[in-house]
Amino acid sequence: MADTMKAVGVKGSKGSADALFVDALPVPEPEDGQALVKIKAFGLNRMDLLQREGKYPVPPQAPSTMGVEFSGIIKKLGNNSEEDFAVDDQVFGLAYGGAYAEYITVSTHMLIHKPVELSWEETAGIPETWFTATQALYLIGGFKPGDSVLWHAGASSVSIAGIQLCKADGASAVYVTAGSGEKIDFCVNELGASAGYNYKTQDWASEVVKDTGSRGVDLVIDFVGAAHFQGNLDVVARDARIVQLGQMSGSVLPAGTNISALLMKRVRLEGSTLRSRDLEYQRKLRDLLVEHAMPKFKDGTFRVFVERVFRLEQIADAHKLLESNCTKGKIICTVD
């Protein structure tokens, strides 16, 4: 094994997609409880764009290299690693950072054995997306069979995962919003969502209220923030939950926002992140995902939708595509 590896850096520490370049860094050594994984593929996420621009609060244990999800082969194991893993095992997993590289060190608590039914590219697109959807739906949102759910950014990778989880677990209805008719058609016709609304051309909140017979939905999962805040309060049912995972439209509420529904409908509003969670919390999510979802990946019930695959050396083009907001599913990079 060489002493150095290819890894993506950012010229000047922050900048546009064109500031990304392939650097040479030392191959890390696994510490206690960790594995050294030779990466075959890694997934892109919106937090990567913010981190590249210097706008994301990176956890203190994260390396400077971006990337939180990957697939690959274990090459070394540190002391006290999980007994379920061995050298040469094919795995995929979640990390605090460092996946835009040839090698990564990561706790074995964050690894999952790669099923033979899925490709390197597909498994690299599971961890961040499906961990986040699982967390939002079950641990934060308290989803139970019979609930109705509204997913904003319906064609985003997290919502694609969430729609499939809802359908498999007996949601009474699954609604989505998206910014184009093509994305709505994908959510409804490909994923099986009950209905979709174009937030650019429709009053989505009024449409949801109408389609639920004025009852509203039991759970809203939102990445958009300020622009959807009032609509979320308008569409929720009594004793509903709103899970706030992002604020793509900003964090300052428009003047005149009416929060009375928080009281009148007894709404529970909770924000959450995943990357800042401690290792035990993420291990709990991993175990939940392995138990709940992996059998459905193996039998084809759950699908990983990959929009496009790039090589590591094409990372700037991959970031530009993610920034375009035109994707449906994951953008993946492979490592030679």
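Arg 268 is partly exposed in this predicted model, with a relative accessible area of 40%. Its salt-bridge partner is Glu 270, and the closest N and O atoms of the pair are 4.0 Å apart. Glu 270 counts as partly exposed because its relative accessibility is 31%.

The structure holds 19 salt bridges in total. Side chains of opposite charge can pair when their charged atoms come close. Glu 313 sits in the loop between strand 14 (306-311) and helix 11 (315-323), and Lys 6 sits in strand 1, so the bridge ties together parts that are 307 residues apart in sequence. Glu 313 is partly exposed at 35% relative accessible area. Lys 6 is partly exposed at 26%.

A further bridge joins the side chains of Glu 69 and Lys 330, at 2.5 Å from N to O. Glu 69 belongs to strand 4 and Lys 330 to strand 15 (residues 330-334), so this pair ties together parts that are 261 residues apart in sequence. Glu 69 and Lys 330 are both buried. Elsewhere, Arg 52, Glu 53, Lys 55 and Glu 323 are linked in a network of salt bridges.

Asp 222 presents another arrangement. This residue is found in strand 11 (residues 217-222). Asp 222 is buried yet has no salt bridge. The nearest side chain of opposite charge is that of Arg 46, 12 Å away. Salt bridges require a side-chain nitrogen within 4 Å of a carboxyl oxygen. Polar partners are present instead. The Asp 222 side chain reaches the backbone nitrogen of Gly 225 at 3.2 Å. A polar contact of 3.0 Å also joins the side chains of Asp 222 and Gln 244. Beyond its neighbours within four places in sequence, Asp 222 is in contact with His 152, His 228, Asn 232, Val 243, Gln 244, Leu 245 and Gly 246.

Strand 11 also contains Asp 218. Asp 218 is buried because its relative accessible area is 8%, and the cut-off for burial is under 20%. A polar atom of its side chain lies 2.9 Å from the backbone nitrogen of Ser 148. Apart from residues up to four places away in sequence, Asp 218 touches Gly 146, Asp 147, Ser 148, Ala 237, Ala 240 and Arg 241.

The nonpolar interior was examined next. In soluble globular proteins, nonpolar side chains tend to be buried together. The largest nonpolar core has 77 residues, of which Phe 42, Phe 70 and Trp 151 touch the most other members. Helix 3 gives the most to this core, with seven residues. A second, separate core of 18 residues includes Leu 150, Phe 229, Ile 242 and Val 267.

Helix 3 (residues 127-140) is itself mostly covered, with 13 of its 14 residues buried. Just after helix 3, Gly 142 takes a positive phi of about 60°.

Strand 6 (residues 103-107) is likewise mostly covered. Four of its five residues are buried. Strand 6 pairs with strand 3 (residues 34-43) in the antiparallel sense, over five bridges. Within this pairing, Ala 35 stands opposite Val 106 of strand 6.

Ala 7 lies in strand 1 (residues 4-10). Ala 7 counts as buried because its relative accessibility is 0%. Setting aside residues up to four places away in sequence, Ala 7 touches Phe 21, Val 22, Asp 23, Leu 25, Thr 65, Tyr 100 and Ala 101.

Two non-glycine residues with positive phi were noted in loops. Asp 88 has a phi of about 80° although it is not a glycine. Asp 88 is placed in the loop between strand 4 (69-77) and strand 5 (90-94). Asp 88 counts as exposed because its relative accessibility is 52%. Ala 153, also not a glycine, has a positive phi of about 50°. Ala 153 lies in the loop between strand 8 (148-151) and helix 4 (157-168). At 24% relative accessibility, Ala 153 is classed as partly exposed.

Note on methods:
Residues are numbered from 1 along each chain as its sequence is written. This is a predicted model: local features need pLDDT of at least 70, side-chain atom pairs count only at pLDDT 80 or more; totals for chains, interfaces and linings use all residues. Side-chain values use heavy atoms; hydrogens and water are left out. Buried means under 20% relative accessible area, exposed over 50%, partly exposed in between (1.4 Å probe, protein chains only). Two strands pair if DSSP finds at least two bridges between them. Contact means heavy atoms within 4.5 Å. A nonpolar core is a set of buried Ala, Val, Leu, Ile, Met, Phe, Trp, Tyr and Cys residues joined through side-chain atoms within 4.5 Å. Lys and Arg count as positive and Asp and Glu as negative; His and the chain ends are not counted. A polar contact is a pair of N or O atoms within 3.5 Å; within protein, one must be able to donate a hydrogen and the other to accept it, and residues adjacent in sequence count only if both atoms are side-chain atoms.
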